[in-house]
Amino acid sequence: MELANNNNAIPLLTPYKMGEFQLNHRVVLAPLTRQRSYGNVPQPHAAVYYAQRATRGGLLITEATGVSDTAQGYKDTPGVWTPEQVRAWRPIVDAVHAKGAVFFCQLWHVGRVSTTAFQPGGAAPISSTDRGVSPQVSHDGHVEEFSPPRRLEASEIPGIVDDFRLAARNAIDAGFDGVEVHGANGYIIEQFLKDSANDRDDEYGGSLENRCRFALEVVRAVAGEVGAGRVGVRLSPFTDYMDCHDSDPEALAGYLVERLSDVGVLYCHMIEPRMAIVDGRRQIPHRLRPFRDAFRGTFIAAGGYDRAEGNKVVEEGYTDLVSYGRLFLANPDLPRRLRLPDAPLNKYDRTTFYTSDPVVGYTDYPFLDDDADK
């Protein structure tokens with residue numbers, strides 16, 4: 001269902017021109033790992049899931065999608081490095097385009113967030129370092145453990161850069177409108193970016209410029225392959241995820257957005273710091289403004305936004321677009337619900353986020369009744 005024509009009164013639902021893409025609203029589907037791509041091959045039920053969340057002129061970003069056979073760290077996450085995977089993505093992309101939406105593929109390499117069971121030939125996961133990730137407690141109390149990684153030699157790094165480049169080409173060949181380079185959440189790019197994980201003493205470690213070298217080589221290679229106007233980058237400078245944190249996140253983010261602007265990438269998608277407790281309630285810290293101001297392209301903010309907060313930051317010019325994760329997961333018609341001030345929001349079920357069921361917790365969240373906006 002297309003949005004009504006009275007959206008101009010609602011900041012989140014105003015139109016926006018993102019490079020060559022005309023968006024009808026500012027509500028973005030965030031990349032969300034769903035683990036329903038059996039054998040790392042996207043499945044037909046993904047076409048239902050993404051098409052449910054597609055609206056004319058809406059921007060959707062896929063779940064994190066592996067760039068190579070060394071990129072995997074979780075069961076049944078999709079890839080885009082084989083012809084079979086490219087063929088499997090095409091009907092999914094077609095289903096989203098049939099609804100008039102814009103669709104970007106998020107390119108991912110987990111680096112050391114993996115085990116030998118996911119690696120070709122049972123090899124060690126690769127990373128910026130040979131220091132492993134400490135055991136992590138998942139949302140259900142399960143303890144995840146990871147294999148000790150192997151530090152990449154400098155001579156091997158161009159090969160990983162090329163994996164991203166080829167995956168970007170494959171994504172465009174599958175019909176995607178563009179790609180998002182996943183430089184967040186403790187995965188391989190952040191393992192190079194952040195000084196808690198990068199202990200190298202070569203040209204890829206030490207100084208801020210050296211730690212950013214790999215990320216920028218990836219972005220430049222991808223932009224050179226598919227065009228900078230089809231490339232976005234996701235960053236999480238303030239997070240401490242998978243033992244990845246930085247001693248000066250402001251300097252890191254400031255340097256990166258300047259360099260990304262120089263490359264001319266389409267958008268920067270940045271995650272807010274964790275919510276803080278202020279006057280007894282959780283509040284978004286709103287610390288992205290300097291980077292939004294410095295970046296010379298479209299800026300997307302992520303991190304716990306609701307209807308009111310999303311409208312506020314768009315109206316104030318704090319961001320151009322707002323990406324929604326769990327709310328969009330549980331509300332496939334989220335833009336419509338945001339248009340209706342009294343529309344209820346479905347509650348998400350965290351226990352079904354990462355199950356393999358092709359329906360439950362995936363495509364079975366209800367839509368608003370057709371009478372809801374009468």
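**View 1. Buried residues of helix 1 in the predicted model.** The buried residues of helix 1 are His 45, Ala 46, Ala 47, Tyr 49, Tyr 50, Ala 51 and Gln 52, where buried denotes under 20% relative accessible area, exposed over 50% and partly exposed in between (1.4 Å probe, protein chains only). The model is predicted: local features need pLDDT of at least 70, side-chain atom pairs count only at pLDDT 80 or more, and totals for chains, interfaces and linings use all residues. Residues are numbered from 1 along each chain as its sequence is written, and side-chain values use heavy atoms, with hydrogens and water left out. Helix 1 (residues 44-52) is largely enclosed by the rest of the structure because seven of its nine residues are buried. The cover over these buried residues includes strand 3 (27-29), strand 4 (59-61), helix 2 (83-98) and strand 6 (102-108). Helices (H or I, at least four residues) and strands (E, at least two) are DSSP runs, numbered from the N terminus.

**View 2. Packing of helix 3 against helix 6.** Helix 3 (residues 157-173) and helix 6 (residues 213-226) pack at an angle of about 35°, and their axes lie 9 Å apart. Axes are lines fitted to C-alpha atoms, for helices over the stretch in contact, and angles run from 0 to 180 degrees between N-to-C directions. The crossing of helix 3 with helix 6 is right-handed, that is, the near helix is turned clockwise from the far one by less than a right angle. From helix 3, Ile 157, Ile 160, Val 161, Phe 164, Arg 165, Ala 168, Arg 169 and Ile 172 meet Phe 214, Glu 217, Val 218, Ala 221, Val 222, Glu 225 and Val 226 of helix 6, contact meaning heavy atoms within 4.5 Å. This contact comprises 11 nonpolar, no polar and four charged residues; Ala, Val, Leu, Ile, Met, Phe, Trp, Tyr, Cys and Pro count as nonpolar, Asp, Glu, Lys and Arg as charged, and the others, Gly among them, as polar.

**View 3. Nonpolar cores.** The largest nonpolar core holds 88 residues, of which Tyr 50, Leu 107, Phe 164, Ile 189, Phe 214, Val 222 and Met 270 touch the most other members. Helix 6 supplies the largest share of this core, nine residues. A second, separate core of 13 residues includes Val 28, Phe 104, Tyr 267 and Leu 321. Such a core is a set of buried Ala, Val, Leu, Ile, Met, Phe, Trp, Tyr and Cys residues joined through side-chain atoms within 4.5 Å. Not counting residues up to four places away in sequence, the contacts of Leu 107 include Val 67, Phe 164, Ala 168 and Val 181.

**View 4. Surroundings of Arg 211.** Arg 211 lies in helix 5 (residues 208-211) and counts as buried, at 8% relative accessibility. Beyond residues up to four places away in sequence, Arg 211 touches, among others, Phe 192, Asp 195, Tyr 204, Asp 246 and Leu 252.

**View 5. Cys 212 and Cys 268.** The sulfur of Cys 212 is 12 Å from the closest cysteine sulfur, in Cys 268, too far for a bond. Cys 212 is buried at 0% relative accessibility, and Cys 268 is buried with a relative accessible area of 0%. The count comes to zero disulfides, a disulfide being a pair of cysteine sulfur atoms within 2.5 Å.

**View 6. Asparagine residues with positive phi.** Asn 40, in the loop between strand 3 and helix 1, has phi near 70°. Asn 185 has phi near 60° and is found in the loop between strand 11 (178-183) and helix 4 (188-193). Asn 185 counts as buried, at 19% relative accessibility.
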